[in-house]
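Please examine the complex shown below. The questions that follow concern its strands and its interface.

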Amino acid sequence: MTTASPTEASLDELGPVDYVIVEFPAGASTFTGEMATELLALVDSGTIRVIDVLILTKNEDGTVDAMELSDIDELGPLQAVETQLAELLAADDVDHLAAAMDPGSTAGVLIWENLWAAPFASAARRSGGQLIANGRIPIQAIIASIEADEASSTEGG
Amino acid sequence: MPLRPGRVGRVGVIGAPVAKTAVVAKAVTPGPSPVAKAAVVTAAVTPGRRRRRI
């Protein structure tokens, strides 16, 4: 009988990891703390675990400045999140992520583990299932599908 | 501000340059108002609501 190594066991319990980049065009950011409040609510409810956070600024000449969460003077409640970060992103990742940004903009990069999905994913693996594809359905695609349905039903009378 | 030394020289996890996704606010215009379209989308993904088969 073989037993899983601690690393294997840990990986088996890991939920899917996602990322988002939220861009704030130059002069359009109005930070009120609302985002931090919602993020903390997700963490406190055990829905997600924050793995990494970076704040990127893309200069007009295309160069990118990266700021750690710890570089912010007044973190407030986010201090608890900052102490748990794993610094997953590498320097190369900063360049890859900033490729989507417009010059003059600032963006927050958030990497998180979907804790809510971990038990289901683990159960699927124990049952012999293998993840072969995953993704996100854009709202635009849903709108297009609904509109196609509506157009089809109109044409069909 | 420089990155922490621990981030430099490591293998990254984002395999390639990221492309900007379409902004939802732009996708829902023109046509019916964004609010109206949002309501349609919400209705489409409401629990128990199955879409009609054509």
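The following questions and answers treat a predicted model. Local features need pLDDT of at least 70, side-chain atom pairs count only at pLDDT 80 or more, and totals for chains, interfaces and linings use all residues. Residues are numbered from 1 along each chain as its sequence is written, chains are lettered from A and ligands numbered from 1 in the order in which they are written, and side-chain values use heavy atoms, with hydrogens and water left out.

Q: How many residues of strand β2 of chain A are buried?
A: Strands are DSSP runs (E, at least two residues), numbered from the N terminus. Buried means under 20% relative accessible area with a 1.4 Å probe, protein chains only. β2(A), residues 48-58, is mostly covered, the buried residues numbering nine of 11.

Q: Which residue of chain B meets D52(A) in a salt bridge?
A: A salt bridge places a side-chain nitrogen of Lys or Arg within 4 Å of a carboxyl oxygen of Asp or Glu. Between chain A and chain B the count is six. At 2.7 Å, N to O, the partner of D52(A) is R7(B).

Q: How many residues of chain B are in contact with chain A?
A: Contact requires heavy atoms within 4.5 Å. Chain A contributes 37 residues, and chain B contributes 30.

Conventions
Buried means under 20% relative accessible area, exposed over 50%, partly exposed in between (1.4 Å probe, protein chains only). Helices (H or I, at least four residues) and strands (E, at least two) are DSSP runs, numbered from the N terminus.
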